[in-house]
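Dear colleague,

Please find below the sequence and structure that I am handing over to you.

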Amino acid sequence: MTKKKLMINVLINGSKGKMGAMIAEVIKNNPHLGLQLICARDMGEPVCADKVDVIIDFSLPDGAKDAFRIAKEKKCAILVGTTNLPADFFAQLKAEKEIPVFYSTNVSIGVYMFGLLCKYATELYKGYEQSMQEIHHIHKLDAPSGTAKTLASIINFPYEKIESLREGEVPGIHSLFLDTPYEKITLTHEAKKRALFAESAVLVAKWLTTQKPGFYGMEDYVKTTRS
């Protein structure tokens, strides 16, 4: 008799947002990944499940705090993709030792690679004038975006000098420009579809359920899944 494979129980926090809805769709359409959505909620709503293996949070800072509280109560893993977290709450996530916690302003492997390329490029030669630009859809509330701030921090670029544009339904374009009077180098990462981030979040969440308690980021995920 074949033993039935246990599914990973997922709670989506921020289920009424675009990312929450897309993540739910990815889980529903890819049963082979071994995840099942058992609860979709927003802050203040009840937790409609007893056993939760991982919480995926794409909400607002207060919603992320709410999700972290639930994860601690359920003793389950939590992936937080919510940006602009208060410094004290972020420090709390980083110090966590009882459950697996993953945080990233962008769960795209490509964006992680892009950050490494930007760092390498800016360290090769210091004679270029640097500038950064990010373009997102008109519904995005934060400017600069959390991803833009993360990329800027990698190369020690001032947040206030990032050019933030909001156009149509652009999923996300981030560019670093290295300029002199004689030449210009442009490095760009362009997300073609927002579903990219939902699919990545699901894969990272699945991986997170196999990790020991502690704090994780994209570097940890890429290193341990590299083949």
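A disulfide is taken here as a pair of cysteine sulfur atoms within 2.5 Å. Please bear in mind that the model is predicted, and that every value in this message is computed from it.

Cysteines

By this criterion, the model holds one disulfide. The bond joins cysteine 39 to cysteine 48, with 2.5 Å between the two sulfur atoms. The torsion about this S-S bond is about 105°, so the disulfide is right-handed. The two partners may be described by their accessibility: cysteine 39 is buried, at 1% relative accessibility, whereas cysteine 48 is partly exposed, with a relative accessible area of 49%. Cysteine 76, by contrast, takes part in no disulfide; the nearest cysteine sulfur belongs to cysteine 39 and lies 11 Å away. Cysteine 76 counts as buried because its relative accessibility is 3%, the limit for that class being under 20%. Cysteine 118 is also buried, with a relative accessible area of 2%.

In soluble globular proteins, nonpolar side chains tend to be buried together. In this model, the largest nonpolar core has 29 residues, and the members that touch the most others are Val10, Ile23, Leu79 and Phe102. At least two residues of this core come from each of the following elements: strands E1 (8-13), E3 (54-57) and E4 (77-80), and helices H1 (18-29), H6 (195-208) and H7 (218-225). Helix H6 gives the largest share, eight residues.

Leaving aside residues up to four places away in sequence, its contacts include Ile78, Leu79 and Val80, together with Val107. Further along the chain, phenylalanine 102 also touches Val204, Trp207, Leu208, Tyr216, Gly217, Met218 and Tyr221.

Surface

Which residues make the nonpolar surface patch of about 390 Å²? The patch is formed by Tyr120, Leu124 and Tyr125. Of these, tyrosine 120 belongs to helix H4, which spans residues 109-124. Tyrosine 120 has a relative accessible area of 53% and is therefore exposed, as that class begins over 50%.

In summary, the points I would ask you to view on the model are the disulfide between cysteine 39 and cysteine 48, the contacts of phenylalanine 102 and the patch that includes Tyr120.

Yours sincerely

Notes:
Residues are numbered from 1 along each chain as its sequence is written. This is a predicted model: local features need pLDDT of at least 70, side-chain atom pairs count only at pLDDT 80 or more; totals for chains, interfaces and linings use all residues. Side-chain values use heavy atoms; hydrogens and water are left out. Patches are made of residues with over 30% relative accessible area and no salt bridge: like charges are joined within 9 Å, nonpolar side chains (Val, Leu, Ile, Met, Phe, Trp, Tyr) within 5 Å. Accessible areas come from the Shrake-Rupley method with a 1.4 Å probe; for residues, only the protein chains shown count as cover. A salt bridge is a side-chain nitrogen of Lys or Arg within 4 Å of a carboxyl oxygen of Asp or Glu. Helices (H or I, at least four residues) and strands (E, at least two) are DSSP runs, numbered from the N terminus. Buried means under 20% relative accessible area, exposed over 50%, partly exposed in between (1.4 Å probe, protein chains only). A nonpolar core is a set of buried Ala, Val, Leu, Ile, Met, Phe, Trp, Tyr and Cys residues joined through side-chain atoms within 4.5 Å. Contact means heavy atoms within 4.5 Å.
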